[in-house]
Amino acid sequence: MKIEEAIIYVIAKRNGGMTTDQIAEAINRSGLYMRKDNQPVTGKQVYAVVSRFPAIFTKEAGRIMLLI
């Protein structure tokens, strides 16, 4: 699974907005995505991915939400 797919899955499952740290924690806890260096996903990494996909994600009031 790609990291953007893991982010979509976590947000959709929660059915609401989440902070980048909450998303990273959920991805790490469930093992949805593994970095190449085997380090845990960080909130900064989630933010970077979300910023690359403005057609899928929106950022409002410190929370990331799905547009799709």
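Reader: Hi! Where in the model is Ala61?
Author: Hello! Ala61 is in the loop between β1 and β2; helices (H or I, at least four residues) and strands (E, at least two) are DSSP runs, numbered from the N terminus. Keep in mind that this is a predicted model, where local features need pLDDT of at least 70, side-chain atom pairs count only at pLDDT 80 or more, and totals for chains, interfaces and linings use all residues. Residues are numbered from 1 along each chain as its sequence is written, and side-chain values use heavy atoms, leaving out hydrogens and water.

Reader: Thanks. Is Ala61 buried or exposed?
Author: Ala61 counts as exposed because its relative accessibility is 83%. For these words, buried is under 20% relative accessible area, exposed is over 50%, and partly exposed is in between (1.4 Å probe, protein chains only).

Reader: And what about the phi of Ala61?
Author: The phi of Ala61 is near 50°, which is positive although the residue is not glycine. For background, most residues other than glycine have a negative phi.

Reader: Which residues does Thr58 contact?
Author: Thr58 is in strand β1 and counts as buried at 17% relative accessibility. Setting aside neighbours within four places in sequence, Thr58 contacts Arg63, Ile64, Met65 and Leu67. Contact here means heavy atoms within 4.5 Å.

Reader: Let's switch to the helices. Which residues of α3 are buried?
Author: In α3, Gly43, Val46, Val49 and Val50 are buried. They lie on the same side of α3 because they cover an arc of only 125° around the axis, the arc being that of the directions from the helix axis to the C-beta atoms.

Reader: What covers those buried residues of α3?
Author: The cover includes α1, α2, β1 (57-60) and β2 (63-66). On the face of α3 turned away from the buried side you'll find the exposed residues Lys44 and Arg52.

Reader: Which residues touch the most other members in the largest nonpolar core?
Author: That core has 17 residues, and Ile7, Ile11, Ile23, Ile27 and Val46 touch the most other members. At least two core residues come from each of α1 (3-14), α2 (20-30) and α3 (43-52), and α1 gives the largest share, 5 residues. A nonpolar core is a set of buried Ala, Val, Leu, Ile, Met, Phe, Trp, Tyr and Cys residues joined through side-chain atoms within 4.5 Å.

Reader: What does Ile27 touch?
Author: Not counting residues up to four places away in sequence, Ile27 touches Ala6, Ile7, Val10, Leu32, Tyr33 and Val41.

Reader: Charges next! How many salt bridges are there?
Author: The count is 2 salt bridges, where a salt bridge is a side-chain nitrogen of Lys or Arg within 4 Å of a carboxyl oxygen of Asp or Glu. Glu25 and Arg29 form one at 3.2 Å, N to O; both lie in α2, 4 residues apart, about one turn of the helix. Arg29 is exposed, with 61% relative accessible area. Asp37 also pairs with Arg35, their closest N and O atoms being 2.7 Å apart, and Asp37 counts as partly exposed at 42% relative accessibility.

Reader: What is the nearest side chain of opposite charge to Glu4?
Author: For Glu4 that is Arg52, 4.2 Å away; Glu4 is buried and has no salt bridge. Lys and Arg count as positive and Asp and Glu as negative, while His and the chain ends are not counted. Glu4 lies in α1 and, not counting residues up to four places away in sequence, touches Val49, Arg52, Phe53 and Phe57.
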